[in-house]
Amino acid sequence: MAAMAVWAAARPRLRGRFRWRTPALAGGVRGAARDAAAGRQDYDLLVIGGGSGGLACAKEAAQLGKKVAVVDYVEPSPRGTRWGLGGTCVNVGCIPKKLMHQAALLGGMIRDAPYYGWEVPQQVPHDWKKMAEAVQNYVKSLNWGHRVQLQDRKVQYFNVKASFVNEHTVCGVAKGGKETLLSAEHIVIATGGRPKYPPHIEGAVEHGITSDDIFWLKESPGKTLVVGASYVALECAGFLTGLGLDTTVMIRSIPLRGFDQQMSSLVTDHMASHGTHFLRGCTPLRVRKLQDNQLQVTWKDLASGREDMDTFNTVLWATGRVPETRSLNLEKAGVNTNPESKKILVDAQEATSVPHIYAIGDTAEGRPELTPTAVMAGRLLAQRLCGQSSELMDYDNVPTTVFTPLEYGCVGLSEEEAVARHGEEHVEVYHAHYKPLEFTVAERDASQCYIKMVCLREPPQLVLGLHFLGPNAGEVTQGFALGIK
């Protein structure tokens with residue numbers, strides 16, 4: 001979900017490995033499925049999942065002359081939230097998140113304005129309903145745009161829930177229950193992931209929401225408890241605080257696991273100093289709805305064992321995501337998954353255990369959960385399948401940005417990863433605090449604005465990672481990422 005530009009590096013591999021066969025020669029669809037497939041349609045490429053990666057792959061293949069279909073279906077969230085074509089990023093991820101982040105930043109600019117001569121009232125109320133409507137209307141325009149693009153490229157779109165019948169055939173079930181059998185020479189799985197609820201916590205599903213819901217709320221969430229320490233948790237808590245809402249983040253262990261921990265600490269320090277409350281080393285026990293519709297949350301302090309409670313209007317779970325693979329009947333196609341993560345095992349060509357079935361994006365094991373990565377992987381896969389290229393997606397040194405109130409951009413290794421890989425004695429870190437020019441006149445606190453480069457100590461001191469905390473971190477990091485690539 002928190003993503004920026006991605007660059008793919010070419011590595012020549014097995015040019016001409018992929019060959020299309022005409023439907024008449026395709027021997028994979030046969031037996032009972034073929035006999036029963038009244039109205040079934042054959043395609044060169046079938047893409048399961050209408051998110052960023054799947055759409056990019058489908059449109060690229062169609063543009064290169066192949067007969068392509070996309071199947072996509074959004075299972076409503078437990079709260080009943082549903083959305084249109086485009087996947088997580090467009091509907092419940094990067095796009096609405098970045099727009100609400102921008103709304104929160106504008107609040108800070110209003111507070112800065114008097115320093116620059118603008119006579120702006122300082123107690124300006126924020127209208128959640130108006131913001132949400134504008135964001136949701138923009139998202140709906142993107143949904144429509146994707147439908148038009150598929151139509152323009154003659155990609156057939158099916159709004160059905162797909163599951164495998166065999167290694168070449170998929171059964172799609174429409175909302176009304178009508179079944180459609182679709183067969184294809186090559187199949188790409190790009191179904192992405194969904195937020196997970198903690199089922200062991202009483203009231204979690206009944207009374208909580210996730211990132212699938214927060215961007216589609218018609219009314220303000222009010223006083224909010226965000227449970228989790230992922231970038232999703234911190235980004236949501238950041239813009240909620242910035243919009244003037246009383247927001248608390250409950251963290252069981254460490255924030256931003258997998259990111260540089262010094263930078264992570266600076267991110268949460270900045271949030272805490274700007275109004276976000278943190279409950280550290282705590283885990284929720286239960287959520288109960290009171291008669292006034294407020295939510296009473298009981299939690300446990302893991303260090304002392306003491307229980308405590310408070311009331312909130314909204315509880316937002318941001319405790320991780322799970323791939324959308326459970327309903328695909330992958331075993332009928334012979335596609336192997338990681339038994340723990342449930343993600344699909346793939347090789348460097350994005351191929352699964354079945355040579356003509358591929359997986360890209362969040363549903364594939366070992367891939368960064370970033371939209372531009374999935375888009376590039378999808379395009380390159382389509383080009384290889386069409387014999388236009390042999391380039392593979394390069395997943396090393398992919399830049400990313402966490403859109404917390406003070407943005408954190410990074411590319412390459414964290415300091416911890418560099419030390420683990422090369423040894424502390426071989427790593428040199430160059431670092432500096434700085435004050436952005438836009439912070440000066442408004443007298444903003446810049447104590448968390450920080451940049452560091454993680455390098456090999458031996459000349460020529462190869463840069464292993466770059467970490468930047470400050471305004472416009474995404475744009476800054478993109479430039480450095482080019483140099484590091």
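Predicted model: local features only at pLDDT ≥ 70, side-chain atom pairs only at ≥ 80, totals over all residues.
I'll start inside. The largest nonpolar core has 49 residues, and those touching the most other members are W128, I214, F215, V226, F239, L256 and Y408. Several elements each supply at least two residues to this core, including α3 (87-92), α4, α5, β9 (247-251) and β18. The biggest contribution comes from α8, with eight residues. Take I214 as an example: leaving aside neighbours within four places in sequence, I214 is in contact with W128, I209, P221, C236, F239, L240 and L316. There is also a second, separate core of 25 residues, with C57, V155, V188 and A351 among them.

Next, the charged pairs. The whole structure has 17 salt bridges. In one of them, R444 pairs with D112, and the closest N and O atoms are 2.7 Å apart. R444 sits in the loop between α13 and β20 while D112 is in helix α4, so this pair ties together parts 332 residues apart in sequence. R444 is partly exposed, at 30% relative accessible area, whereas D112 is buried, at 13%.

Another salt bridge joins K223 and D310, with the closest N and O atoms 3.2 Å apart. K223 is in the loop between α7 (211-214) and β8 (224-227) and D310 is in strand β13, so here the parts tied together are 87 residues apart in sequence. K223 is partly exposed at 23% relative accessibility, and D310 is partly exposed at 31%.

Now the surface. Which residues form a nonpolar patch there? They are Y115, Y116, W118 and V441, with about 480 Å² of accessible area together. Y116 is in the loop between α4 (94-112) and α5 (128-152), and its 44% relative accessibility makes it partly exposed.

Is Q448 buried or exposed? Q448 is buried, because its relative accessibility is 10%, and the cut-off for buried is under 20%. Its side chain makes a polar contact of 3.4 Å with that of S447.

Key. Residues numbered from 1 in each chain as written. Heavy atoms only, no water. Patch = residues over 30% accessible without salt bridge, like charges linked within 9 Å, V, L, I, M, F, W, Y side chains within 5 Å. Areas by Shrake-Rupley, 256 points an atom, 1.4 Å probe, with all protein chains shown as cover. Salt bridge = Lys/Arg side-chain N within 4 Å of Asp/Glu carboxyl O. Helix = DSSP H or I, 4+ residues; strand = E, 2+ residues; numbered from the N terminus. Buried < 20%, exposed > 50% of the residue type's maximum accessible area, 1.4 Å probe, protein only. Polar contact = N/O pair within 3.5 Å; in protein donor to acceptor, adjacent residues only side chain to side chain. Core = buried A, V, L, I, M, F, W, Y, C linked by side-chain atoms within 4.5 Å. Contact = heavy atoms within 4.5 Å.
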